[in-house]
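Hello,

Here is the structure we talked about handing over. My notes follow below it.

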Amino acid sequence: MIFTNPLQAVEPIRNISAQAQRILVLSHVNPDGDAIGSMLATVHVLRELGKDVIALASSPPIDYCAVLPGFTDLQVYRSGSSLPECDLIWMVDVAHLSRAGLIYDEHEAFLRSKSLIIVDHHATNDGGGAVSVIQPQAASCAEVLFDLFTALAWPVSPAAATCLYLGILTDTQGFQIPSVVPATFRRAAALLEAGAEKQRVVDAVFFSIPPSTLRLTGMAMSQLQHEDGIFWTVVSQEMLRAAQADESATDDTVSRLQRVAGMRACVLFRERPDGTVKISLRSVPGVDVAAVAQRWGGGGHRQAAGATLQMSLEAAVAEVLPVLRQAVQGNL
């Protein structure tokens, strides 16, 4: 059952939660700040209710998430591992079960056997939970969670508020993206009033960039190409090794690509260790890159989306750019 208004989801969620004592919290593969912040906030809130809660990331989180309260309790899944027993699965910031990556690939039957709550803000979410709370207009999943916890009258501690604040701050790129509205600022203000550690989060996100990230960004930008408002570049495994950077370092490259003057759409092609290619797409309003990502089974938002392609870097560039041109020209 899908709800876009958290108030309408109160009773179903209360009923499911009341029947569960051990809860497993999951999110998407390659978790960003919104995913980890939303996961840990959910852990804090549910523990305040007396629940036994485990947060399991599909892959290692971005470094700055280490500043969050409860980060040391976060477990990272390893291929071949079993999943902890639970009565209920709570998924955040994820459009589909399959976005749980290896956890889904290796434990699909387990995931489908449990009661499932999904809280998300992706337009491509088709609601796979027993209860799905989805607000595509929200700039971050953390905002949807804040509205839901408020509707449920579940306490948001300073620790939970800090986690939600990081989710909002990072998914809005510091309150800069078009989907930021007055309500976004009101939620952020409410979290500060609840005790969120703003400066600790800001310092971790914006003033702790590793030198290896800047080396990688420099390499990627030296290969920047563009035509008719489309900007793109690539990051290979060889470049990552040379910069001594991990894959999360490419977020800085994507962030800078979308700030180039005249950009209507941009894409970063990142070679992964298994030989596949991850594309990260961004655009201005009016250009739907979620539709582009869906060509290869990906998804996301109209102005920020991604997908994984089973091909080489060169082949991915040759295949994606024509589709992106169609999107920019309004023909997709």
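Start with the strand pair: S10 and S11 run antiparallel, joined by 7 bridges. Strands pair here if DSSP finds at least two bridges between them. Helices (H or I, at least four residues) and strands (E, at least two) are DSSP runs, numbered from the N terminus.

This is a predicted model: local features need pLDDT of at least 70, side-chain atom pairs count only at pLDDT 80 or more, and totals for chains, interfaces and linings use all residues. Residues are numbered from 1 along each chain as its sequence is written, and side-chain values use heavy atoms, with hydrogens and water left out.

**Around S11**
- Glu-271 stands opposite Val-277 in S11.
- The S10-S11 hairpin has 5 residues between the strands, and Gly-275 there takes a positive phi near 90 degrees.
- S11 also pairs with S13 (residues 304-309), antiparallel, over 6 bridges. Lys-278 has Thr-308 in S13 as its bridge partner.
- 7 of the 7 residues of S11 are buried, so the strand is largely enclosed by the rest of the structure. Buried means under 20% relative accessible area, exposed over 50%, partly exposed in between (1.4 Å probe, protein chains only).
- Both faces are covered: Val-277, Ile-279, Leu-281 and Ser-283 lie on one side, Lys-278, Ser-280 and Arg-282 on the other.

**Helix H10**
- In H10 (residues 250-257), the buried residues are Thr-250, Asp-252, Thr-253, Val-254 and Leu-257.
- Their cover includes H8 (211-221), S9 (230-235), S10 (265-271) and S11 (277-283). Contact means heavy atoms within 4.5 Å.

Best wishes
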